[in-house]
Amino acid sequence: MFTAPPIDTQMVQAGADKVGVCRRPLLRKVSDRATGDVTSVPIPCGSTRASVCPSCADKARRLRMQQCREGWHLVDDPLPPEDPDPEGEPEDDDPGDGDGPTDRRTRSTRRLEGFPDLPKVQADHTSVGRKFVDPRTGATFRPSMFITLTLPSYGKINAHTGAPTDPNRYDYRRAALDAMLFSRTVDRWWQNLRRCAGYKVQYFATVEPQRRLAPHLHAALRGAIPRSVLRQVTAATYCAVWWPSVEVVKYDEGRGDRLPQWDPVTLCYFDPETGELLPSWEEALDQVDVEGEPMHVVRFGRQLDIKGIVGGSEETGRAVSYLCKYLTKAIAETYSDPEDPDPAYEAHINRLFGEVRWLPCSETCANWLRFGITPKDAEPDLVPGQCSSKAHDREFLGLGGRRVLVSRHWTGKTLGEHRADRSAVVRAVLEEAGINAPEARRLAADVLADDGLPRFVWEDIPVEQRNYAATIARSIRQRRAWTDEYKRAKEAIRAGPRLPEACGQPVRQSREGKEDG
C-alpha cells in the first residue's frame, strides 16, 4: 500500500511565506450544534514581526498603510459637531514634566532655562487644515505635511556601520533614558503643536530607530502648518522627569549584594542586612522637590525634516510606504544582519541593552530597588532586571510604547473597521462577478441556535493532536484557490457584467469571513 511521505515543516512554512499564509496558526475546533459538523479552523497568529511570521506581519503593515492613506488628505472633517475632548488625549501639561501644576504634587510653574516660551492660539474646531486657492486657475487644494523628529547626538557615529567611533565616549546612559522617555516627549510635542497650529491637528506617526539606534518619529500631519511654527514647537518641547537619582546603585546582585525583601505589614521593601525600610516612592520624591532639579530632561535634536505634500501625488504614496517601512522589524534588528552580523554594531546593541535593562522605565519599575527605593504601587516579588515592560528587552532597546501613533479622528474609524473595509472590497468584487461570496457570519461565536444558546462551540485542540505542517498545507491550497478566484472575478468584471461558467465554482469555504484584500 502506498504511504504518503511526511510533510516537511520547513518547506511548508516557506510555501506559506510565499503565498501569504500564517506560518504558525493557532488551531481551534468548532462544533456546529445544529448539524453536528466538526471543523478544524486555523487562526492566524497576528504577529507584527516578520522574524516571527512574515505573512501576518506584512498584512498588519499593509493595513496600517491603508489607514495612513485614508486619513491624510481628507476634505470632509471627521470631527463630530460637538466634542469637548476630540482627541481623548491629555490637552494639559503631562504630570511629571515639571513646567506646570500637577495632580500629584505642586512644583514651580516656571519653564526650564534654555527653552523658549510658546504662544497659545485659539484653535478652530476643524481637523482638515487650511484651504488654498490658486489665483490663476481657481483650483482649491489642502496640502498636508510629512515631518521627522530626531533626538540629539550622544557621540560620534561611524556613518557606515552605525556604531560609535569611540564607544567609551558615547553617552549610553543618556541615550537609554531618552529612548525610554521618548513617548512622553512626543506626547508633549503633540500638545504644544495643537496650541500653536490653530486647528485640531490630526496625525499618523510611526516610531522607528535611526541606524545609531536612537528612536525618531515620522509623522503625517493633515493640514499645512508654517515651518517656523513647527521649528518653534520643536525647540520649545522637552520632557523633564522629577525622579530620584539613578547615579548610585545600592543593590547589585551581580556584585554579591542581597536584594531588598518585601514586608507584608508595611507594604514596602527593606534592607535584608539592616532591616531598615527603603524609602517609599513619595518619600523619595519629597527629597527630589527639595533639590529642585529634574533627574533627566529629554529634548529633540536640531535635525527636523519638513515636507509639504499634496494629496493624490506620487510623493504621497512614497511617503506612506516610508512611514510603514520598518514596522515589521524590532528595534534591534532593523539594521542588523543576522546572516553576517557586524561585531562593532552588535557590541553597540549590547552596550545600549545593558543600560535599558537596569535603568527604571517608569515610577512602578522594579529597577528602583537597585537604587534603594520602593517603587510606586509596589507589589511582592519584584526583582531588579525583571520588569515586565518590553522597554527593557533587547529587541526594543528602551521603546516600550506603541510603534504606531494615530490620533482618534485621523479617519474616524478603528483599525478593526479598516480591516472590515478590506474584506468588503473582496466581497464586492466576488458578488459583482457573479460568485457567491462566503457568509461573513460563518462559524461566528455569537450566532444563536433555536434554543437561544450559541450554535457554534469553539474549543482548543490539545497540543498533542496538532499537525501544523498539514494545517499550513491546507491553508496554502485554500489561499491559492481564493487568489485564483479573486483574479478571475476581476478579469470577468473587466470583460463583462457576468462571470462565465468557465471561471470556476462558487466559494465553498471561507476564512471565517475575514477575506484579505
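1. A word on the ground rules. Residues are numbered from 1 along each chain as its sequence is written, and side-chain values use heavy atoms, with hydrogens and water left out. As the model is predicted, local features need pLDDT of at least 70 and side-chain atom pairs count only at pLDDT 80 or more, while totals for chains, interfaces and linings use all residues.

2. Five of the seven residues of S1 (residues 26-32) are buried, so the strand is largely enclosed by the rest of the structure. Buried means under 20% relative accessible area, exposed over 50%, and partly exposed in between (1.4 Å probe, protein chains only). Strands (E, at least two residues) and helices (H or I, at least four) are DSSP runs, numbered from the N terminus.

3. S1 has two antiparallel partners to look at: S2 (residues 38-43), over six bridges, and S14 (residues 456-460), over five bridges. Strands pair if DSSP finds at least two bridges between them. Leucine 26 stands opposite isoleucine 43 in S2, and arginine 28 opposite aspartate 460 in S14. Five residues lie between the strands of the S1 and S2 hairpin, where glycine 36 takes a positive phi near 85°.

4. The structure holds 16 of them, each a side-chain nitrogen of Lys or Arg within 4 Å of a carboxyl oxygen of Asp or Glu. Glutamate 459 bridges to lysine 29, with the closest N and O atoms 3.8 Å apart. Glutamate 459 lies in S14 and lysine 29 in S1, so this pair ties together parts that are 430 residues apart in sequence. Aspartate 32 and arginine 455 form another, at 2.8 Å between the closest N and O atoms. That pair links S1 to the loop between helix H9 (415-432) and S14, 423 residues apart. Aspartate 32 is buried at 10% relative accessible area, whereas arginine 455 is partly exposed at 27%.

5. On cysteines, the structure holds zero disulfides, a disulfide being a pair of cysteine sulfur atoms within 2.5 Å. For cysteine 22, the nearest cysteine sulfur is that of cysteine 45, 3.6 Å away. Cysteine 22 is buried, with a relative accessible area of 6%.

6. Lastly, the second largest cavity. A cavity is a set of points, on a 1 Å grid over the protein atoms alone, where a 1.4 Å probe fits but cannot get out; lining residues have an atom within 4 Å of a point. Its lining includes Tyr154, Tyr170, Arg212 and Leu397.

Methods: 1 Å grid on protein atoms, 1.4 Å probe; cavity = no way out; pocket = protein on both sides within 12 Å on 5 of 7 lines; lining within 4 Å.
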